[in-house]
Amino acid sequence: MNATEPIKDLADVSWASDLIVERLSASGDTTGIPYYHYRWKKKWLADYVAWPQTSEEVAALQTYATKHGIPIIPRGGGTCYYGSASPTRGGIVIDTKRMDKIIEVNKNELWVHVQAGAVWEILDNQLAKQGFNLPVAPQSRVASTLAGWLAIGGKAGIGTPKYGSMIDNVVEMEVVRPDGTIETISGDEMSVFFGTSGITGVVISMKQKIIPTPESTEGLMFSFQNLEKALDALTRLSKTKIQPIYLRVTDLEYEWRIQGGLPPDTTGLFFVVVTYRGTAEDVAESLKTARGIFEVASGIEMLQSYYLKNWEDRDIVEMKLKLEVPTLSMQNFWIPLSHIEPLVRKMYKIASSYKINSCFYLVLGSAAMARFCVFAPSDHRHWMHFMSGKAMLHRLVKMMYRQGGELYTLGLQNTVYIKKYQSEDYKRFKDLRKKWDPKGIMNPDKLTNCIMSYTRMNLMFTMNGTFRRLQVTLRRGKNILPIPVAYQEGHV
Ligand SMILES: Cc1cc2nc3c(=O)[nH]c(=O)nc-3n(C[C@H](O)[C@H](O)[C@H](O)COP(=O)(O)OP(=O)(O)OC[C@H]3O[C@@H](n4cnc5c(N)ncnc54)[C@H](O)[C@@H]3O)c2cc1C
């Protein structure tokens, strides 16, 4: 079916705007990277923002954009990093947040049919009133949308160790293809929308799995001195019969920053938060198992009040770090738990030789795979410190690929790595674009085009690292942000 009422001029559309304030707020993302990357090209700003509410309105926009060769950028909460939902060649940002209606809650087949711009937390609260919950959600659920997580792949978040990733939780979806065709698809047909950053079309609504509200939700928190032992314990835990709904690991600097300090008697360097959800009996049994595994790995249980604080903070924990530091660069990897330890060692080694700040946190996906996020807290006014943080992340990406991992979020900024290291994925994205979007209007540059060459970037970061080491040797480089005492004393 094609849109019946074609758009003749966007200025006539009551649900679109070219006000500069709307264009600005729909063009950035949580990292501020689009502005940083694109300001000199002056194409990072949307020309229009549209707020459609139906598939017909989206189809009319798509048809109009295809006819005039105007870029379309689908956008949910804009919480994704790497410029994924930001324009790179101007165009129309489709803000999907007004597409948030619940169409049906099917209590027998256990799914909710809902528009794809629904915000996770709001939807979950609405379902809770009827005795149901969403089994999975990203930790950005207070602001991000269903389709936003689907489009980045949605593999690690709350619920994923137990209920699988986004692809395991969507039964059916309605989509608008780039040429304006509206279709309902299911099964394998849906795969072209998972992890493809909206380059194959706009997701309008979906049937998302739900669960009856579980009887019990409880957890615990442990600290560890030794990362290898902690990760071994987690790998063992990930093989137990009942999986947690949430498993997070942080290091000392991360925990210290987001909590504004640590309990006075804390001796650990790494921190594990685990939460189980299910029947009271299953949860009690699982906690007993987890305790046993962690104690064998020399973990020390932390106060329950501290666990509860961390669990309550789960939705803001990633943003909290950004609030604590002037400028935050980060990279996130999709990697087996068993491959993480060497990367962490390398991170500390590089950070120490560059005298920069660094920390990590990880969240378990499923089957012992984790979303491992490395951060380089900095202040861009201290240019060498800031760029050295980015150089460290670049070196870790190279090492991560040698370890058999992949980048978790691809978006715009990481396309250069996909082209270099994930050539099969890069070819698949190119083929998808050719098939579904031959005019290249859907979210241009994302996944299929590199703005900068890998060689140039590699050279830039190598030179940066060399200069920074020289600076440190000449005693002119230092960490510009405070670091925890254990780091100052060289325990890490
Ligand atoms: C505090 C915080 C916590 C986070 N926690 C997690 C986490 O636990 N797990 C995780 O995986 N990520 C996490 N992230 C990253 C990010 O929030 C998620 O990936 C999130 O799901 C993105 O959703 P969004 O609605 O904000 O999408 P956006 O950022 O708006 O868009 C993401 C991508 O989806 C595309 N898109 C959006 N809507 C549609 C649509 N209707 N149809 C087609 N394509 C569309 C966009 O073009 C873009 O490429 C976190 C980020 C923050 C800031």
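By class, the shell around the ligand holds 15 nonpolar, 17 polar and four charged residues. Here Ala, Val, Leu, Ile, Met, Phe, Trp, Tyr, Cys and Pro count as nonpolar, Asp, Glu, Lys and Arg as charged, and the others, Gly among them, as polar.

Two notes on the source. This is a predicted model: local features need pLDDT of at least 70, side-chain atom pairs count only at pLDDT 80 or more, and totals for chains, interfaces and linings use all residues. Residues are numbered from 1 along each chain as its sequence is written.

How many residues surround the ligand? There are 36, and the closest are Gly76, Gly77, Cys80, Gly148 and Gly198. A residue counts as near if its C-beta atom, placed from the backbone, lies within 6 Å of the molecule. Helix H5 (146-152) is one of the elements that supply at least two residues of this shell, and H5 gives the largest share, five residues. Helices (H or I, at least four residues) and strands (E, at least two) are DSSP runs, numbered from the N terminus.

Next, the domains, whose bounds come from an automatic or database assignment. They are domain 1 (10-96), domain 2 (98-212) and domain 3 (216-406 + 481-488). Between the C-alpha centres of domain 1 and domain 3 there are 34 Å.

Last, the sheet. Four strands form an open sheet in the order S1-S2-S4-S3, with mixed pairing; two strands pair if DSSP finds at least two bridges between them. Strands S1 (16-17) and S3 (72-75) are the edges, each pairing on one side only. S3 pairs with S4 (residues 92-95) in the parallel sense, over four bridges.
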